[in-house]
Amino acid sequence: MGCLQLHRKQPMLHDKSYIIRRAYMLNDPVLLNDWHVVAYAPDLQEGKPVPVRLLEEDIVLWRAGDTIHAWRDLCVHRGTRLSLGKVENQTLICPYHGWTYNEEGQCIRFPAHPAQKPPITARAKVYRVQEKYDWVWVCLGEPTQDIPTFPQWDDPSFYKVHCGPYHFNASGPRAIENFLDVTHFPFVHQGYLGDPSHPEVNDYEAEISPEGVIARDINIWQPDPDGSGHGANVTYTYTVVRPLTAYFVKESAGPKFAMYFTVTPVAERSSIAWTYVAKDYENIPDEETRRFEDMITWQDVPIVESQRPELLPLDLQAELHLRSDRTAIAYRKWLREVGLTFGTAWKLVYEQGRGPINRRWAR
Ligand code: FES
Ligand code: CO
């Protein structure tokens, strides 16, 4: 991915550990080869290019009819942002000197030299893009899997409400781990998702498989599990399907409430969470569901942004864990297995090599 380095800040040469760390970040195939949400598709209007950012890469999204394009947000002439340009006749026109790019990313017109055919090298960097669940998903590399499944999406018994997006000045894995954590409910979401006089959690199991993590039968009391104001004993099942995508289903005596949560790694310490609530009942207007989820997430944001280290430690010795943290423990172990480096903290180890002691990063 040498081309990615075009946009990156130069490392400080006096800081060798910084250089080692950057080298890992530039080469995180797990996230580079995965799909990430970058926009809510209905927000992307014909004729209006939109700048987004993913894995420290600036991307321009633009729509031509039903087709959505995701390119590096950079004109190859003088590096101007293409997202400042305009869309005309299925082409994207650079705002600076009017170079005109067709839907394949090929420049087809130099306005200063109308008779000159642009060479093949005059083309934008084009990324893979798909529209699914009304979201625009982009993969910067070679996708190894399809977009993760949202089990309730095609189930008509579930009513879906799009909530967010929510920005966290925090790493993606920190945001996901907070989504998986039920023992904070009585304290961070007191009166809604938890009650400080009933903070106990049962002993539950969390399993790791090659496909991810699943934690079942987590029982807790909630004063207001769905924004309707009625308390209930609920049982959660959490499934983590990708390093930055997870969902839960919670059940009380009858109704089921699910939430799908996928995080865009904008940068190592900057993330955007995209969510859907899915319910097999309709109790309150969509706007009220959104207000409720906004309030809950804004309670989480300052907590997650305060966590140190900012990058999620995959060394299990780095923080203390309780039995009720089994989901988080399984998540960290699984991230270590899949080899996630972006947004995670590694341990600096010293080993005796030939000559001086060598330093290397270990998870
Ligand atoms: Fe885009 Fe010159 S910088 S046309
Ligand atoms: Co929370």
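**An open antiparallel sheet and some backbone details**

In this predicted model, 7 strands form an open sheet with antiparallel pairing, running in the order β11-β17-β16-β15-β14-β13-β12. Its edges are β11 (159-168) and β12 (205-209), each of which pairs on one side only. From one strand to the next, the twist averages 20°.

Two helices pack on this sheet. Helix α3 (residues 172-179) touches β11, β15 (245-251), β16 (256-267) and β17 (270-279), and its direction makes about 170° with that of β16. Helix α6 (residues 326-338) touches β12, β13 and β14 (232-242), with its direction at about 165° to that of β13.

Another cis bond links Arg 308 and Pro 309, with omega about -5°; Pro 309 sits in the loop between α5 (286-306) and β18 (312-313).

Positive phi values turn up in two loops. Glu 56, in the loop between β2 (50-54) and β3 (57-64), has a phi near 65°. Glu 56 counts as partly exposed because it has 17 C-beta neighbours inside 10 Å. Asn 89, in the loop between β5 (86-88) and β6 (91-93), has a phi near 45°. Asn 89 has 8 C-beta neighbours inside 10 Å and therefore counts as exposed.

Terms used. Residues are numbered from 1 along each chain as its sequence is written. Chains are lettered from A and ligands numbered from 1 in the order in which they are written. This is a predicted model: local features need pLDDT of at least 70, side-chain atom pairs count only at pLDDT 80 or more; totals for chains, interfaces and linings use all residues. Two strands pair if DSSP finds at least two bridges between them. Helices (H or I, at least four residues) and strands (E, at least two) are DSSP runs, numbered from the N terminus. Axes are lines fitted to C-alpha atoms, for helices over the stretch in contact, and angles run from 0 to 180 degrees between N-to-C directions. Two residues are in contact if their C-beta atoms, placed from the backbone, lie within 7 Å. A residue is buried if 20 or more other C-beta atoms lie within 10 Å of its own, exposed if 12 or fewer, and partly exposed in between; C-beta atoms are placed from the backbone.
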